[in-house]
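Below are some notes on the model, as numbered points.

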Amino acid sequence: MLAEWFRELYRLTGINLTIFTDSFDQALFLRGLGTTVSLSVICLSLSLLIGVLGAWWQASRIPLVRALVKGFVVVFRTTPPLVQIYFFYFGLGAILPRVPNAFGVMQPMVGNTQWAILSLALFAGAFNIEIFRSGIEAVPRSTIEAAESLGFSRSLIFFDVVLPLAFRVCLPALNNNLVNLVKTTTLAYAIAVPETLYAAQQIWTDASNVPEMMTVLLITYVALVGVLVAAVRRIEAKLAIPGGMR
Amino acid sequence: MKKFLMPALAMAVALTAGSVAAKADVLDKVKEKGVLVVGVKTDYKPFGFRSPDGSIIGIEPELAADVAKRLKVKLELVPVISSNRMEFLKQGKIDLMIATMSDKPERREQVQFIEPLYYSDAVNILMSKKVKVTAWKQLKDAPICGSTGTFYNKPVESEYGAKIVAFDGTEKPLAALKQGNCVGFLYDQSLVQAKLTEPEWSADYAMPLPSIMETPWAMAVAKGEDRFAKFMSDVTKDWMKSGAIVALEKKYGIAPTAYSQRMHAQFK
């Protein structure tokens, strides 16, 4: 029924949306969309974890830990994510141990999707560390002193007092970075991770419907990011402290 | 009616003949100058490439040399690339083009193709020697590197169940193949064979599968050069009869294609 309508649309206007008329292309696109969503969710969670841990270690009493976190942030904030992905896949991938696959070929232990997840999570994580730091620095000194005077340990203060407050402060900035992360997942295309852009490119190679698929891509990402922004807004509203923090 | 038709026909024939004769015939021009100018590739090993001393060598320059020999004139090779080869022919910068040009309908409109088509590329896989396959069907679920934007990725995936892992260009998929991220590289057979002439690849890789999806290559002359086209057509048939193309493939270290073997058998 839907396929008929799009076939008719193609006949009348020349707009060729094979993702609605061709089952192979449709499956390809939906699989791509699924990959983008799972890639986004996994990278998002990992990058938040990296952000929290990094921000915690950044305030560590051990100078070496502080230096390591700082070095990590500098490296990942100053290099383009595409270069990072290529470096991980073609650079690091070449020196990793290999295991034989079903065809007897020695295959690197880490595949393209894993590399994409790792590099995107580290990239977004580096920014998250800085974002969380800004939130932590906004927590009033007096609040921490109050917790200390109540006998809270350092880690208890960080996770139970500072972080919940800091999280509220940095949510808008965090929102920005996570939106960016979802858009950056398209770079996984470069190492053949079959996400949405990769699927779209396969489709237009065959159907030569580049303008149509570009439009579909644009709408798809507007929708994906829209869902994420709405979700973060809800969290923001739910976490809001009546009367503000101070 | 007959009485009227015959003279009309005769006149038509005379007119056509006249119009051909009126145009400068490239075959006469070549013989007059004593030089045949042929456009060939210089970046497509082993079909046309530069030898270490800078001269252009390869299968296509050798074919060009044979044409010049038959015409008893000297040969001049002009390097062409895909985007200028038809323009050079149209402008008369070259008399003949032997430059790995695939047969496409829109190209047939612009230049005069020489029939029968002298060569044919196909699609094949540069495969790790560890992979023991003899048929495309055995590639089910095999990770195969590919190049984005090629027309054969989808059919190989949908017909044989291979998992195509496509990168931009040819260097990245070849690097991925070398690192073991895939078991083979799906590409134009001519490139696969060219890679196999390099020791870097021939040690661990081979081309175990029969070629698929033949795409013939055409030599061409300018539109309207019917006499030269006829001459080249006869030369081509003679090459196929004598097996000259198969011999050149062997000389340059590539396995004779199914097409050149078939044509050799057909004209023998």
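How many residue pairs are in polar contact across the interface of domain 1 of chain B and domain 2 of chain B?

1. The model is a predicted one. On the question above, the rule finds 2 residue pairs in polar contact across the interface of domain 1 of chain B and domain 2 of chain B, both at pLDDT 80 or more. Between these two domains the count of salt bridges is 0.

2. The bounds behind that answer come from the domain assignment of chain B, in which domain 1 takes in 26-119 + 217-267 and domain 2 takes in 121-213. The C-alpha centres of the two domains of chain B are 28 Å apart. Contact between them involves 12 residues of domain 1 and 8 residues of domain 2. Together the two domains of chain B bury about 700 Å², and 53% of this area is on carbon and sulfur atoms.

3. In soluble globular proteins, nonpolar side chains tend to be buried together. Here the largest nonpolar core has 100 residues. The residues with the most contacts inside this core are Ile191(A), Trp136(B), Leu139(B), Ile144(B), Phe167(B) and Leu186(B). Helix α8 (residues 154-184) of chain A supplies the largest share of the core, 14 residues.

4. Leaving out residues up to four places away in sequence, Leu139(B) touches Ile125(B), Met127(B), Val133(B), Ile144(B), Tyr160(B), Gly161(B), Ala162(B) and Leu209(B).

5. Side chains of opposite charge can pair when their charged atoms come close. Over all chains, the count comes to 22 salt bridges. In one of them, the side chains of Arg227(B) and Asp28(B) meet at 2.6 Å, N to O. Arg227(B) is in helix α10 (residues 226-242) of chain B and Asp28(B) is in helix α2 (residues 26-33) of chain B, so this pair ties together parts that are 199 residues apart in sequence. Arg227(B) is partly exposed, with a relative accessible area of 42%, and Asp28(B) is partly exposed at 43%.

6. Helix α10 of chain B also holds Asp238(B), whose partner Arg70(B) lies in helix α3 (residues 59-71) of chain B; the pair links distant parts of the chain, 168 residues apart. The side chains of Asp238(B) and Arg70(B) meet in a salt bridge of 2.9 Å, N to O. Asp238(B) is partly exposed, with a relative accessible area of 31%. Arg70(B) is partly exposed as well, also with a relative accessible area of 31%.

7. Glu87(B) and Lys90(B) form a salt bridge through their side chains, with an N to O distance of 3.3 Å. Both residues belong to helix α4 (residues 85-90) of chain B, and because they are 3 residues apart there, about one helical turn separates them. Glu87(B) counts as partly exposed at 35% relative accessibility, and Lys90(B) is partly exposed with a relative accessible area of 43%.

8. One further item involves both chain A and chain B. Asp25(A), Asp206(A) and Lys154(B) are linked in a network of salt bridges.

Key:
Residues are numbered from 1 along each chain as its sequence is written. Chains are lettered from A and ligands numbered from 1 in the order in which they are written. This is a predicted model: local features need pLDDT of at least 70, side-chain atom pairs count only at pLDDT 80 or more; totals for chains, interfaces and linings use all residues. Side-chain values use heavy atoms; hydrogens and water are left out. A nonpolar core is a set of buried Ala, Val, Leu, Ile, Met, Phe, Trp, Tyr and Cys residues joined through side-chain atoms within 4.5 Å. Buried means under 20% relative accessible area, exposed over 50%, partly exposed in between (1.4 Å probe, protein chains only). Helices (H or I, at least four residues) and strands (E, at least two) are DSSP runs, numbered from the N terminus. Contact means heavy atoms within 4.5 Å. Domain bounds come from an automatic or database domain assignment. Buried area is the accessible area (1.4 Å probe) that two parts lose on being put together, summed over both. A salt bridge is a side-chain nitrogen of Lys or Arg within 4 Å of a carboxyl oxygen of Asp or Glu. A polar contact is a pair of N or O atoms within 3.5 Å; within protein, one must be able to donate a hydrogen and the other to accept it, and residues adjacent in sequence count only if both atoms are side-chain atoms.
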